[in-house]
Amino acid sequence: VIFVDDETNEETTCFLFAVFASTGLQNTCGTVQLAGFLRCGCLTAPEPECTLCSDGRFFGDTALENKTVSLGEDQFTCGELPFIAAGFPAGPFCSGVQTTGGQECGCPSTNASECTLCADGS
């Protein structure tokens with residue numbers, strides 16, 4: 001069982017996720033494969049297109065794992081955000097997670113948003 005819906009008590013199994021994966025919906029493949037690795041015994045972790053840290057690190061500072069971060073109206077812990085990010089392709093949502101979550105969860109700054117007049121940094 002991957003998860004149980006709190007409202008309906010309905011179980012989602014690895015078999016159902018495998019069927020869902022076979023439908024070929026590309027925008028959900030990362031999420032399905034991550035669930036397969038974490039909950040269904042798949043031996044290889046998928047390479048996420050989106051990572052919590054903009055430098056490609058999956059986790060930020062592990063000491064902040066229980067810190068709560070707001071993304072829009074939703075709240076997640078720094079321990080949950082890497083798995084949320086991994087389910088999405090590179091793009092605007094990923095950038096938002098990296099900007100807010102990465103900073104709040106202790107990812108090293110890549111200074112990607114800083115600009116200097118001269119290309120050499122001076």
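**Exercise 1.** In this predicted model, determine which residue forms a salt bridge with Glu104, and state where in the chain the two partners lie.

*Solution.* Begin with the charged groups: side chains of opposite charge can pair when their charged atoms come close. The partner of Glu104 is Lys67, and the closest N and O atoms of the two are 3.0 Å apart, which falls inside the 4 Å limit that defines a salt bridge.

**Exercise 2.** Find how many salt bridges the model contains, and describe the one formed by Arg57.

*Solution.* The count comes to two salt bridges. Arg57 pairs with Asp55, and their closest N and O atoms are 2.9 Å apart. With a relative accessibility of 47%, Arg57 counts as partly exposed, and Asp55, whose relative accessible area is 35%, is likewise partly exposed.

**Exercise 3.** Identify the residues of the largest nonpolar core that touch the most other members, and then list what Leu81 touches.

*Solution.* The core has 13 residues, and those touching the most other members are Leu52, Val69, Leu71, Leu81, Val97 and Cys105. The elements that give two or more residues to this core are β3, α3 (81–86) and α4 (92–104). Turning to Leu81, and leaving aside residues up to four places away in sequence, one finds that Leu81 touches Leu52, Val69, Leu71, Phe76, Gly101 and Cys105.

**Exercise 4.** Decide whether Phe15 is buried or exposed, and name the surface patch to which Phe15 contributes.

*Solution.* Phe15 is placed in helix α1, which covers residues 14–21. Its relative accessibility is 62%, so Phe15 counts as exposed, the cut-off being over 50%. Together with Leu16 and Val19, Phe15 makes a nonpolar surface patch of about 300 Å².

**Exercise 5.** Work out the order of helices and strands along the chain, and what share of the residues is buried.

*Solution.* The chain has four helices and four strands, and along the sequence they follow the pattern β-β-α-α-β-β-α-α. Of the 122 residues, 23% count as buried. Among contacts with a separation of 6 or more, 55% come from residues 24 or more positions apart.

Definitions and conventions: Residues are numbered from 1 along each chain as its sequence is written. This is a predicted model: local features need pLDDT of at least 70, side-chain atom pairs count only at pLDDT 80 or more; totals for chains, interfaces and linings use all residues. Side-chain values use heavy atoms; hydrogens and water are left out. Buried means under 20% relative accessible area, exposed over 50%, partly exposed in between (1.4 Å probe, protein chains only). Contact means heavy atoms within 4.5 Å. Patches are made of residues with over 30% relative accessible area and no salt bridge: like charges are joined within 9 Å, nonpolar side chains (Val, Leu, Ile, Met, Phe, Trp, Tyr) within 5 Å. Accessible areas come from the Shrake-Rupley method with a 1.4 Å probe; for residues, only the protein chains shown count as cover. A salt bridge is a side-chain nitrogen of Lys or Arg within 4 Å of a carboxyl oxygen of Asp or Glu. A nonpolar core is a set of buried Ala, Val, Leu, Ile, Met, Phe, Trp, Tyr and Cys residues joined through side-chain atoms within 4.5 Å.
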